[in-house]
Amino acid sequence: MNYLIDILLIALGAALINNFVLYYFVGICPFIGVSRRVSMAVGMGAAVTFVITIAAFISWTITTFVLMPGAPLTRLIAGLFMPAEAASGVDLTILCYIVYIFAISSSVQFVEMYVRRFFPLLYKAFGVFLPLITTNCAILFACLTIMSNVVGAENPSDRWDLGRALTLAFFGGVGFTVAIVIMAGIREELALCDVPEPFRGAAITLGVGGILAMAFMGFTGVDKGLKDALTEKPTVSEQQSLSRSAGPAGDHGVRVLEESCPG
């Protein structure tokens with residue numbers, strides 16, 4: 001049950017509460033550049049969601065089995081050249097940026113070939129923005145977030161598994177799609193409005209993005225409230241049974257508390 005709650009909170013947080021674009025302000029380049037039409041925004045959102053999910057799978061796998069201290073594959077190979085104790089402490093996380101960028105660029109290349117082959121019109125509409133997914137910092141941000149929850153967890157039981165990593169990546173892409181589609185819909189309406197000259201172009205676009213970011217701040221605290229609602233709390237009868245199971249020591253603590261608070 002707790003695992004499903006974690007999955008739900010990660011998904012809700014990545015899609016709405018902690019939206020990559022409107023909360024962390026990563027992935028701004030495609031958010032601004034490909035949000036002129038809703039059709040292009042939907043295609044870009046789908047492409048980013050696919051790429052970020054594939055990149056997260058690759059990054060989690062490599063981090064867990066190669067990069068992190070005590071990773072099984074690294075320990076096995078290093079054990080051929082050094083003692084087992086030293087091999088278990090080999091830390092290759094310094095290579096994370098190189099590995100993650102390689103994983104992202106490979107995923108983008110696959111998506112580009114697929115779109116060019118089966119959706120040539122969409123490929124022409126994307127133009128240069130499709131290869132620029134490689135430099136979309138939202139994807140790298142997701143990979144680094146996954147690494148921080150795998151390597152940075154003090155308790156091994158708190159380390160993210162593949163399910164949590166893919167949930168963050170997929171719903172982070174969904175949140176990116178939601179943000180860019182809303183932005184595209186607003187910009188299509190703005191094209192029909194008489195915007196003052198000083199605010200045309202990037203100025204009005206960034207202003208609308210800021211207003212959207214403030215609007216999404218309304219979701220703040222939803223995850224905490226949902227967690228409190230879904231987490232099972234001990235009932236009164238369970239609390240009484242726990243106090244009885246404490247024995248004389250528990251009764252003595254109750255008496256001391258009552259004597260110290262006569263009112």
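Analyst: F170 has a relative accessibility of 38% and therefore counts as partly exposed, a class that lies between buried, under 20% relative accessible area, and exposed, over 50%, as judged with a 1.4 Å probe on protein chains only. F171, at 31% relative accessibility, also counts as partly exposed. The model is a predicted one, in which local features need pLDDT of at least 70 and side-chain atom pairs count only at pLDDT 80 or more, while totals for chains, interfaces and linings use all residues. Residues are numbered from 1 along each chain as its sequence is written, and side-chain values use heavy atoms, with hydrogens and water left out.

Rings of Phe, Tyr and Trp (for Trp, the six-membered ring) form a pair if their centres lie within 6.5 Å, and the pair is stacked when the planes are under 30 degrees apart, edge-to-face when over 60 and tilted for the rest. By this rule, nine aromatic pairs are counted. One of them joins W60 and F65, whose ring centres are 6.2 Å apart and whose planes stand at 85°, so this pair is edge-to-face. W60 is buried, with a relative accessible area of 13%, whereas F65, at 39% relative accessibility, counts as partly exposed. Returning to F170 and F171, their ring centres are 5.3 Å apart and their planes stand at 90°, so this pair is edge-to-face. Elsewhere, ring pairs connect F20, Y23, Y24 and F141, and together these residues make up a cluster.
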